[in-house]
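Thanks for coming, everyone. I'll walk through a few local features. Please have the model open.

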Amino acid sequence: KSRPLDGARGLRFAPVAPNTADKVTVPAGYEQNIVIRWGDPILRGAPAFDPEKQSAKAQAGQFGYNNDFLVLLPLKGERGRQVLFANHEYTDEQLMFPGYDPANPTREQVEIAWAAHGLSVVVVEEDRRTGKLTAVPRHHLNRRFTATTEFRLTGPAAGSDLLKTSADPTGTRVLGTLNNCAGGSTPWGTALSAEENFNQYFANAASVTDADTRAKLARYGMTGGATERKWERFDERFDLAKEPNEANRFGWIVEVDPYDPDSVPRKRTALGRFKHEAAQPRLTADGRPVVYMGDDERFDYLYKFVSSKAMMKGDSRRAREHNLTLLDEGTLYVAKLTGDSPAAQIDGSGKLPNDGEFDGSGVWIPLATGDTSHVPGMTAEEVYVHTRIAADKVGATKMDRPEDVEPSPRTGRVYVALTNNTQRGAAGKAGADEANPRNGNKHGHVLELAEHWDDPAADGFAWRLFLVCGDPEDPATYFGGFPKDQVSPISCPDNLTFDDYGNLWISTDGNALGTHDGLFGVATAGERRGEVRQFLTVPTGAETCGPLVQDRRVLVAVQHPGEVDGASYEKPASAWPDGQGKAVRPSVVAVWRRDGRNIGV
Ligand code: FEO
Ligand code: CA
Ligand code: CA
Ligand code: CA
């Protein structure tokens, strides 16, 4: 059915219908281009992409695989140009390499995969007549960070015995970053990136002799023998039986200064170690950054970090140096949420309780401040390195996979994407509560949190569910109270961002409604609050990531196109983006209005 273009300001486009087309589908009147693809050369000397002639050296100068998070930063003095920061979560060897044998990866393939992981900084240039955006190869700010680039561990746990290995007796220098999912951008001009499912790279946890170490590895999902990618055959640091602490050096928030091409990227230990999904700061009234973070695991937690230092304004060298220390000192908290309706009214079906809302109050429980632990029986270093275990001890609320957490720049309200949790209410698992009200939660929900006195550093908050996702015809869904016959279906919310009008944009991963993932916009205030509208859909097997909404342009990272069971380089499940017979390539896409006007007005 067609709807009038009368949505909330910023969302006035004809919603895209759910579909399974093997392409990026955008609203009528909008156009798109591929900004950059896996393998496109960005550094000086890097060759053009040739899937039949890949090498680690080439890949280290080319855009990495599986782009996830995106930030665009201003570039002074270069008209029409911006700095794109992107990350590369993981590799799909079956789709990347001709003739890949999963039982016997070659050293060259493994080294290409190392180089395809990590981060990219690449300057992009806009076409003045359209919204088209293209990469500027060989720009002096362009960089690649891979699984073998040196990173520095900073903050209160840096140098801890728990972070020392035979290659790094200082516990401060790590090679590489792995499984970067979403991230954030700071008001002082740096990019943050979140190390998520790092557990999958570490082998032989089951062979670790010390039972306590084994239990800690298990809490982070490391229990097995060989890994799927078998990197442990080519570098012993991926073998936990030989280097049990190497895994402790992953699972952090990474900070990169894209304006300084010589800067060493940092892993900020003060923000804790877990399967970090994202990290988005907001400033307190006195200028201290507060960073909201989710741990993307079923039954894991929502966190925030409150810095003890205020940001210095301006672009002076002194200000930039000071601001690069803001995420090293402060307090790490975890959230406990309590519903306000009687437990008997939360039956796990998703039926609203008698007060008409899933809502309640919450507290932020401090875990550690600098070198001081607030958790009985754990040192501060232990709290930062084994943050999940600290949060278990203080009784934090087990959530349905906390993914992106985004404070609204307009209202200060904080939105938490809880992507799904099909194990909620299963035998031996926690059942529904008011903040996670559906057992077997397939479609996820979005929680809205209001800090007390609108102070991001507050120790308590009010919360309510903004969206309970799924098919609007399913009675167990809720769209902020908006009439459900006028919204787009949405399933598995993952990444979040805001536009300048205060609308929340949500990208999805794992749509359980039988259609492809996509990007949606929704008003958070006013009479259209809850009116979800679909802006685009992505190709077969892909997840929609990294959404960015500027005045005249929307950017998305199309991650893992063609990732379908049984698909391979020889038998691709998708022909995107280059057509039949060409390699499937994760890519960044820009979308704009043909008439040149702002998005959705
Ligand atoms: Fe990499 Fe939680 O998504
Ligand atoms: Ca209630
Ligand atoms: Ca994600
Ligand atoms: Ca975000």
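H560 sits in the loop between β31 and β32. Strands here, like helices, are DSSP runs, numbered from the N terminus: H or I over at least four residues for helices, E over at least two for strands. H560 is not a glycine, yet its phi is positive, about 40 degrees. H560 is buried, because 24 other C-beta atoms lie within 10 Å. The cut-offs: buried means 20 or more other C-beta atoms within 10 Å of a residue's own, exposed means 12 or fewer, partly exposed is in between, and C-beta atoms are placed from the backbone.

A word on the source. This is a predicted model, where local features need pLDDT of at least 70 and side-chain atom pairs count only at pLDDT 80 or more, while totals for chains, interfaces and linings use all residues. Residues are numbered from 1 along each chain as its sequence is written, with chains lettered from A and ligands numbered from 1 in the order in which they are written.

The peptide bond from W576 to P577 is cis, with omega near 5 degrees.

Next, N66. This residue is in the loop between α1 and β2. Its phi is positive too, near 45 degrees, and N66 is not a glycine. Buried or exposed? N66 counts as buried, because it has 26 C-beta neighbours inside 10 Å.

Now on to β2, residues 67–74. It runs antiparallel to β3, and 6 bridges join the two. Strands pair, by definition, if DSSP finds at least two bridges between them. P74 has Q82 in β3 as its bridge partner. β2 and β3 make a hairpin with 6 residues between them, and G77 in the turn has a positive phi of about 80 degrees.

Then helix α3, residues 107–116. Why is α3 largely enclosed by the rest of the structure? Because 8 of its 10 residues are buried. Among them are I112 and W114. What covers the buried residues? The cover includes α1 (56–59), β3 (81–88) and α2 (93–96). After α3 comes G118, with a positive phi near 110 degrees.

Last stop, V363. It belongs to strand β18, residues 359–369. V363 counts as partly exposed, because it has 18 C-beta neighbours inside 10 Å. Leaving out residues up to four places away in sequence, V363 touches K336, D459 and G460. Contact here means C-beta atoms, placed from the backbone, within 7 Å.

Technical notes: Contact = placed C-beta atoms within 7 Å.
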